[in-house]
Amino acid sequence: MVSSISPLNTYKAPASTLSQKPVHIAGILTTVFGLDELPDGTSEVVVLWLMHPRLDTKEDMAGVATTIVDHWNRTPANKRRGLIAVAFDARNHGTRLVDALSNETWRTGNEKHAQDMFSVYTSTARDVSLLIDYLPGYIFPTAERTISTHFVLGVSLGGHAAWNCLVHEPRITAGVVVVGMPDYVNLMTDRARLSKLSSWTKSDPPGANFLGSQHFPASLLETVSKYDPAAFLFGNLAGNGPTKAASLPDPSSPAEKEQIRPRLNQLRGKRILTLSGIADKLVPHRTSDPFLSWLKRAVAPDGWFGDGCVHLEDLRFEGAAHDFTPTMMNEVLRFVDESMSALDAPTNAGTVREAKI
């Protein structure tokens, strides 16, 4: 059985004549959107890195790329900065496909789903860092323009990777996560329960031995603790199971604040937009909520990390499941505009927005 429904199916981009330039970098085929449309007087360029859902390819992000870049090019603003978008295939997808079964889930026949999905999207996030290093030499070989900063947008699997980029890549200053999550253990524990895996059902109570089983090996847990946002920032994987609100560090404890602050500093000054469907069963918001609730309290203007100047938006959409809807896209366009403007007007305190739309 092969799954095939993409959240991108719910977003249909308007027609566009935006340029698409293929660029090969270090064995990775990329598509650069909007390079030819950069105005002659533009000296600085912002790159929006696009990461697609599981089972999709870079071609499926073309509509997202053209919508966002066309919108920015039409927006009356200081065009000292231009915007381009870059899409590429995730590991083991599209032009990089090695084994199709490895992209499947437990329910669709892949017994190594946990290992495969985490390794694919964290490696894809590392590819963003590699491509950031080399892209200028390919598209601006005589340094005629400067890439001043980088944004990221990911959908589903790409959204998981976008969180990874935000935490681990300092050159990414803003990110959009569409139906993605920052807490892998919580997501996969919930998915194991719903999939009724043998490693879940054959224990008392059910699930007691899931972490460390063949479906989620101890070695994977160790790797997750290094790269997963929730696990990396909060170190909550010491055999205690998935993230729970009660297991997160006490924000009133000076010792734990001191321990976490150096890691949380990796989000300092960044802007984050998360978009979730309230009816999403594949990546339900409840698996991200403990982490996001804690983070929102920490980075709020009166939070203990309010001086971190993190802007965090957690938006949930009525009537949406595992989808990227036109209403979500409207929020993306607003957020990109505001993030471009914020490059000239950084804030001195954190901000939080949460809403059901």
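I started with E331 in this predicted model: its relative accessible area is 13%, so I noted E331 as buried, the cut-off being under 20%.

Next I checked how the two meet. R353 and E331 form a salt bridge, with 3.3 Å between the closest N and O atoms. R353 lies in strand β9 (residues 351-356) and E331 in helix α10, so this pair ties together parts that are 22 residues apart in sequence.

E313 and R334 meet at 2.6 Å, N to O. E313 sits in strand β8 (residues 311-317) and R334 in helix α10 (residues 326-342), 21 residues apart. E313 is buried at 1% relative accessibility, while R334 is partly exposed at 22%. I wrote down the whole network too: salt bridges link R271, E313, E331, R334, E338 and R353.

How many salt bridges are there in total? I get 18. Another of them joins R96 to D127 at 2.9 Å, and both residues are buried.

On to the rings, where I found 11 aromatic pairs. One of them is Y184 with F216, a tilted pair with 6.1 Å between centres and 50 degrees between planes. Y184 belongs to helix α4 (residues 184-195) and F216 to the loop between α5 (198-201) and α6 (218-227), so the pair ties together parts 32 residues apart in sequence. Both are buried. They also belong to a cluster linked by ring pairs, with W106, F118, Y121, W200 and F210.

Last entry: the charged end of R126 sits over the Y227 ring, 4.6 Å from its centre.

Notes: Residues numbered from 1 in each chain as written. Predicted model: local features only at pLDDT ≥ 70, side-chain atom pairs only at ≥ 80, totals over all residues. Heavy atoms only, no water. Phe/Tyr/Trp six-rings, centres within 6.5 Å; stacked < 30°, edge-to-face > 60°. Helix = DSSP H or I, 4+ residues; strand = E, 2+ residues; numbered from the N terminus. Buried < 20%, exposed > 50% of the residue type's maximum accessible area, 1.4 Å probe, protein only. Lys NZ or Arg CZ within 6 Å of the ring centre and 35° of its normal. Salt bridge = Lys/Arg side-chain N within 4 Å of Asp/Glu carboxyl O.
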